[in-house]
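Let's take a walk through this protein, starting with its charges and ending inside. Have the structure open as you read.

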Amino acid sequence: MADRSDHWNAVFGARADTGLSWFEAEPALSLGLIAAHAAPGDPVLDAGGGTARLVDALLDRGLGPVSVLDVSSAALAAARARLGPRADAVRWIEADLTRWVPDATFAVWHDRAVFHFLTDPAERAAYVAAMDAALRPGGTAILMTFAEDGPESCSGLPVARWSSDALAAEIGRLAPGRFRRIGSRRHMHVTPAGRSQSFQATLLRKRP
Ligand SMILES: C[S@@+](CC[C@H](N)C(=O)[O-])C[C@H]1O[C@@H](n2cnc3c(N)ncnc32)[C@H](O)[C@@H]1O
């Protein structure tokens with residue numbers, strides 16, 4: 001949707017990503033969770049990856065092949081520029097997750113701070129359909145969102161906050177019998193401005 005890409009292109013074009021509230025210099029939790037569920041050679045998708053340093057960390061660890069998908073061409077261009085020649089090892093996909101038809105499958109789907117922007121149930125249904133189509137049977141989805149006690153908005157947009165229980169129930173409603181929750185974590189993100197934001201991570205296994 002043009003509105004969505006326009007919004008995020010403006011966000012990423014307005015300031016250095018190191019000042020954005022979701023910036024993480026070292027994505028330790030994401031990296032640890034992915035490393036626990038992907039062996040080298042397993043394809044990993046950072047869904048709504050923006051300019052996150054996760055792709056750098058995955059390449060450093062020898063994980064992937066890595067794909068980064070985002071609705072913002074500006075974010076993808078910035079991430080590519082940062083990586084320099086290493087960007088050639090990454091597949092960059094400009095797409096809206098609520099409209100994306102995957103042409104490949106992945107062992108791990110990672111989403112940090114994207115699903116919670118989907119306040120419309122129809123968009124959540126489209127997202128989960130894309131996630132289902134993109135994950136291999138037995139693959140792992142890692143969904144990190146603002147928790148039930150997290151912020152009510154981000155980047156000027158409203159969000160839907162989720163406990164892990166509520167998120168697992170929503171995925172079960174949208175894709176009955178397709179995913180089984182295999183774990184959850186709580187996480188406190190500290191923004192560059194020093195504010196704490198409560199996150200949850202839910203891990204789901206796609207049933208064979
Ligand atoms: C809060 S940022 C998080 C970025 C990254 N995951 C991180 O942790 O740094 C949200 C990201 O999701 C992207 N995004 C939002 N809605 C999207 C959608 N429907 N499809 C694809 N990307 C989307 C934005 O462009 C932005 O890069």
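Start with the charges: the protein chain carries 23 positive and 23 negative ones, and their mean positions are 5 Å apart. Here Lys and Arg count as positive and Asp and Glu as negative, with His and the chain ends not counted; each charge is placed at NZ of Lys, CZ of Arg, CG of Asp or CD of Glu.

A quick word on what you're looking at. This is a predicted model, where local features need pLDDT of at least 70 and side-chain atom pairs count only at pLDDT 80 or more, while totals for chains, interfaces and linings use all residues. Residues are numbered from 1 along each chain as its sequence is written, and side-chain values use heavy atoms, with hydrogens and water left out.

Now the overall fold. The protein chain has 6 helices and 9 strands (DSSP runs numbered from the N terminus: H or I of at least four residues for helices, E of at least two for strands). Its radius of gyration, taken over C-alpha atoms, is 16 Å, close to the 17 Å from the globule rule for 208 residues, so the chain is as compact as a globular protein of that length. That rule is 2.2 Å times the number of residues to the power 0.38. Of the 208 residues, 53% count as buried, meaning under 20% relative accessible area with a 1.4 Å probe, protein chains only.

So what sits inside? In the largest nonpolar core there are 27 residues, and Trp100, Trp109, Tyr127, Met131 and Ile171 touch the most other members. Such a core is a set of buried Ala, Val, Leu, Ile, Met, Phe, Trp, Tyr and Cys residues joined through side-chain atoms within 4.5 Å. Two or more residues each come from β1 (44–47), β4 (106–112), α5 (121–134), β5 (135–146) and α6 (164–174). Of these, α5 gives the most, with 5 residues. Another core, of 25 residues, lies apart from it and includes Leu31, Ala57, Val68 and Leu83.

Zoom in on Ile171: leaving aside neighbours within four places in sequence, it is in contact (heavy atoms within 4.5 Å) with Phe115, Val128, Met131, Leu143, Phe179 and Leu204.

Finally, find Leu97, in the loop between β3 (91–94) and β4. Is Leu97 buried or exposed? Leu97 is buried, with a relative accessible area of 7%. Beyond its neighbours within four places in sequence, Leu97 is in contact with residues including Ala47, Leu69, Trp109 and Tyr127.

Key
Buried means under 20% relative accessible area, exposed over 50%, partly exposed in between (1.4 Å probe, protein chains only).
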